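Hello,

Here is the structure I said I would pass on. My notes on it follow below.

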Amino acid sequence: MVDLADICAVAIAETFRGDGEIFASGMGTLPMLGARLARATFEPDLLVSDGEAFYVAGDLPIGGTDKTVEGWIPFRSVFDALWGGRRHVVMGASQLDAEGNQNISNIGPWSKPTVQLLGVRGAPGNTANHVTSYWVPNHTARVFVPHVDVVSGLGYRRAAEAGAWVDAHHEIRRVVTNKAVLDFEGPGHRCRLRSVHPGVAVEDVVAATGFELVVPADVPTSRGPTAEEAAALAVLDPQGLRHREVKA
Amino acid sequence: MTDKRCTEDEAVATLSDGMTIGIGGWGSRRKPMSVVRAILRSGVTDLSVVTYGGPDVGLLCAAGRVRKLVYGFVSLDSIALEPHFRAARQSGAIPETVELDEGMLQWGLYAATLRLPFLPTRSGLGSDVLAFNPGLRTVRSPYDDAEELVAMPAITLDAAFVHLNRSDARGNASFLGPDLYFDDLFLGAAGAGRRFVSAERIVPTEDLLREGTFHTLRINRSMVDGVIEAPSGAHFTSCEPDYGRDEAFQKEYADAAGDADRWAAFTARYLAGSERDYQDAVRRTAGDRG
């Protein structure tokens, strides 16, 4: 039986395939692990950070401190890379809808929220300027909603309305969850089921999604790690911190 | 040679009700917390607070001092959501909130630093940041692209407070940790008169480069009106490399939110007296934890 956390790490790594020499930025344990996994295996030119202010060379384990610094990336430089388009971020999402709008700001009315979350953070700028993917460790209809309460990160319609430049540079590449991988390659950039993780039924994903997913006739199963990737995961996450975030 | 040294209470005494203050640092990192505690001790209120928010926001909101909050996020980093800020938002206790993309906030401070009315950006386009802040306007590029961009207005401050690792008595200051954050822009966005640097240690000018390269000297005295010596002044936020975040204390702070009795006990134990009383109480707690 392939481990679910490994499936998720590989799926996140896959979002960076083809990105080349840009900043692979991951928010949280699994996104950071996915970026480092991609760099350690099939996308060696990626830049990855220590989660603080440095680009690190070599295979830095999650939680590790013995790092080889190859560059300095204070927040000001992050914004420069971001606006310059030399970045792909995997963020979290408290709500996501079928158009790819993301909310990390608050639940309920903005004027007086029922649940205040982080604030929009960098989501408006990220999504207007470069590729963004999302990691959702708990795939439920509370996250995948018909309409987000606040548009923090832009979905496809909002990006198109923001003008030709934003439309051309906006891409929500993937949404990786604990059940499946989604993308926005359905008709009119609607959210589509790209693959289900081993042991997860398509009906489970549909039932846990609060909007109508585009479901192809044949839904592939998410792949597990190759031997090379499994070896890299052992190096990059020797403490198994990924298993704390994804429960089988 | 102007000796700009003063105390937190003297710095805060320059504030008036209703002023707009900028607070440097980022989340729960290198925040001028001893100054925030001085604001709590003072009566000053109805503040507009501009910040990459952390416990500075939580403490000021819990004490009811914030009339308007301008922020990109509020977080304690290792505790993702700031409980006092959440409580204030959810109870409608902050009369006015301006939630911005992190880069828009940088741009607003930078525009003020450069004395420009606005700076253009794509960040915010299409998002609800524009919907919820109807005062934000767009501008069309005068060049052939004719692109419509957000015209991020200057965020001009009445006062700015930042916490650095070292400073001399005139306000030449160095950051020794991994990131300056946007502290230089907070100082730049404030008019002369109320720009304050607190520092872990005040050192002779000739010692400023003893612990770091010249790259650390990003704050110079033309940007600073007052210098506060504040050892452990960022506590309980991090102040690398002098000290990391006091995670146990931060947890105690966060856990005390949402329960009136526990918050009253926290306030009585830590925030009722002077900065020295606070630091003594923190040491006693650390001793109790062993």
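Two strands count as paired if DSSP finds at least two bridges between them. By that rule S11(A) pairs with strand S12 (residues 180–183) of chain A, as two bridges join them and they run antiparallel. Please keep in mind throughout that this is a predicted model.

Strand S11 of chain A

S11(A) and S12(A) make a hairpin, with two residues between them. Within this pairing, Val176(A) stands opposite Val181(A) of S12(A). S11(A) is also joined to strand S10 (residues 131–136) of chain A, by five bridges, and these two run parallel. Strand S11 covers residues 171–177 of chain A, and six of its seven residues are buried, so the strand is largely enclosed by the rest of the structure.

Chain A overall

Chain A has nine helices and 13 strands. Its radius of gyration is 17 Å, close to the 18 Å that the globule rule gives for 248 residues, so chain A is as compact as a globular protein of that length. The C-alpha trace spans about 45 × 45 × 35 Å along its principal axes. Of the 248 residues, 54% count as buried. If one takes the contacts in chain A between residues at least 6 apart in sequence, 65% of them join residues at least 24 apart.

Nonpolar cores

The largest nonpolar core has 140 residues, and the members that touch the most others are Cys8(A), Ala9(A), Val49(B) and Ala160(B). Helix H1 (residues 4–15) of chain A supplies the largest share of this core, nine residues. In chain B, domain 1 (5–108 + 155–289) and domain 2 (119–153) each give at least three residues to this core. Setting aside residues up to four places away in sequence, Val49(B) touches Ile21(B), Ile23(B), Val57(B), Leu60(B), Val66(B), Leu69(B) and Val70(B). A second, separate core has five residues, among them Ala53(A), Ile73(A), Val78(A) and Leu82(A).

Asn126 of chain A

Asn126(A) lies in helix H4 (residues 123–129) of chain A. Is Asn126(A) buried or exposed? With 28 other C-beta atoms within 10 Å, Asn126(A) is buried, because the cut-off for that class is 20 or more. The C-alpha atoms of Asn126(A) and His88(A) are separated by 8.4 Å, while the two residues are 38 apart along the chain.

Regards

Conventions. Residues numbered from 1 in each chain as written. Chains lettered and ligands numbered in written order. Predicted model: local features only at pLDDT ≥ 70, side-chain atom pairs only at ≥ 80, totals over all residues. Helix = DSSP H or I, 4+ residues; strand = E, 2+ residues; numbered from the N terminus. Buried ≥ 20, exposed ≤ 12 C-beta atoms within 10 Å, placed from the backbone. Core = buried A, V, L, I, M, F, W, Y, C linked by C-beta atoms within 7 Å. Domains from an automatic or database assignment. Contact = placed C-beta atoms within 7 Å. Rg over C-alpha atoms; globule rule 2.2 N^0.38 Å.
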